Amino acid sequence: MIETEIYVREGVDKLAAHYKDIITLLGEDPEREGLEKTPMRVAKAMQVLTRGYTQDPRKVLTDALFEEKYNQMVIVKDIDVFSLCEHHMLPFYGKAHVAYIPNGYITGLSKIARVVDIYSHRLQVQERLTQQIKDCIQETLKPLGVMVVIEAKHMCMQMRGVEKQNAITTTSDFSGAFNQAKTREEFMNLLRAQI
């Protein structure tokens, strides 16, 4: 469990003041009992939800870098993703699946999930999130190839707009060895496999 207070950073008071104004502009009384502490709660929550701006995903990968001759596919699948759509600042959520083929170096498996977490805790679009994760792993580990697939539901489609609650958006990006259809197919087959 992540302690919210450790992510409180400079500007939280100013952010809370803006949320108080927003509550007023929406027609509510920010001084009433149920809303009195809401501006600060929302300000702190937004800082937690955007904590990725204060973290370096490349450093996360290199802090657990190990020389290893293994050169077969490494997959970390079903990584929970929670992010905020930059268009409406509403959540999108789902699963990320990441594979890479080492080229002399591996990283700790949890570090792949941390990279996903860091980039997803920024204002995002799913397409860019997918690409940023792939690029970070490719540029930092310099593997033979990387592939990222994200499947997500977007609250901006579920709660407003077209209001389609069951729509799932899938994005993918790949490099190196994954440019070969056979390698991509192996990855997709392993994703579908039940353990």
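## A buried arginine: R122

R122 is located in the loop that runs between α4 (109–120) and β5 (123–124). In this predicted model, R122 is buried and takes part in no salt bridge. The nearest side chain of opposite charge belongs to D56, at 6.7 Å.

A polar atom of the R122 side chain does, however, lie 2.8 Å from the backbone oxygen of G52. Beyond its neighbours within four places in sequence, R122 is in contact with L49, G52, Y53, Q55, P57, S83 and L84.

## Overall architecture

The protein contains 7 helices and 7 strands. Along the sequence they follow the order α-α-α-β-β-β-β-α-β-α-β-α-β-α. The C-alpha atoms occupy a box of roughly 60 × 40 × 25 Å along the principal axes.

Of the 195 residues in the protein, 40% are buried. Among contacts with a separation of 6 or more, 71% are between residues 24 or more positions apart.

## Salt bridges

Side chains of opposite charge can pair when their charged atoms come close. The whole structure holds 9 salt bridges. One of them joins R51 and D117, with the closest N and O atoms 3.3 Å apart. R51 lies in the loop between α2 (38–49) and α3 (57–62) and D117 in helix α4, so the pair ties together parts that are 66 residues apart in sequence. R51 is buried, with a relative accessible area of 5%, whereas D117 is partly exposed at 21%.

R58 and E139 form a salt bridge whose closest N and O atoms are 2.9 Å apart. This pair links distant parts of the chain, with R58 in helix α3 and E139 in helix α5, 81 residues apart. Both partners are partly exposed: R58 has a relative accessibility of 34%, and E139 one of 44%.

A salt bridge also connects D173 and K134, at 3.5 Å from N to O. Here D173 in strand β7 is linked to K134 in helix α5, 39 residues apart. D173 is buried at 18% relative accessible area, and K134 is buried at 10%. Through shared partners, salt bridges join K134, D135 and D173 into one network.

## Helix α7

Helix α7 covers residues 181–192, a total of 12 residues. From its first C-alpha to its last, α7 reaches 16 Å, close to the 16 Å expected at 1.5 Å a residue. T183, F187 and L191 are the buried positions named in α7. They lie on the same side of α7 because they cover an arc of only 80° around the axis.

On the other side of α7, K182 and R192 are exposed. The elements that cover the buried residues of α7 include β2 (74–85), β3 (91–101) and β6 (145–154).

Most residues other than glycine have a negative phi. K142 has a positive phi of about 50° although it is not a glycine. K142 belongs to the loop between α5 (126–141) and β6, and K142 is exposed, with a relative accessible area of 54%.

E163 likewise is not a glycine and has a positive phi of about 50°. E163 is found in the loop between α6 (155–158) and β7 (169–176). With a relative accessibility of 46%, E163 counts as partly exposed.

Methods:
Residues are numbered from 1 along each chain as its sequence is written. This is a predicted model: local features need pLDDT of at least 70, side-chain atom pairs count only at pLDDT 80 or more; totals for chains, interfaces and linings use all residues. Side-chain values use heavy atoms; hydrogens and water are left out. Helices (H or I, at least four residues) and strands (E, at least two) are DSSP runs, numbered from the N terminus. The expected span of a helix is 1.5 Å times one less than its number of residues. Buried means under 20% relative accessible area, exposed over 50%, partly exposed in between (1.4 Å probe, protein chains only). The arc is that of the directions from the helix axis to the C-beta atoms. Contact means heavy atoms within 4.5 Å. Lys and Arg count as positive and Asp and Glu as negative; His and the chain ends are not counted. A salt bridge is a side-chain nitrogen of Lys or Arg within 4 Å of a carboxyl oxygen of Asp or Glu. A polar contact is a pair of N or O atoms within 3.5 Å; within protein, one must be able to donate a hydrogen and the other to accept it, and residues adjacent in sequence count only if both atoms are side-chain atoms.
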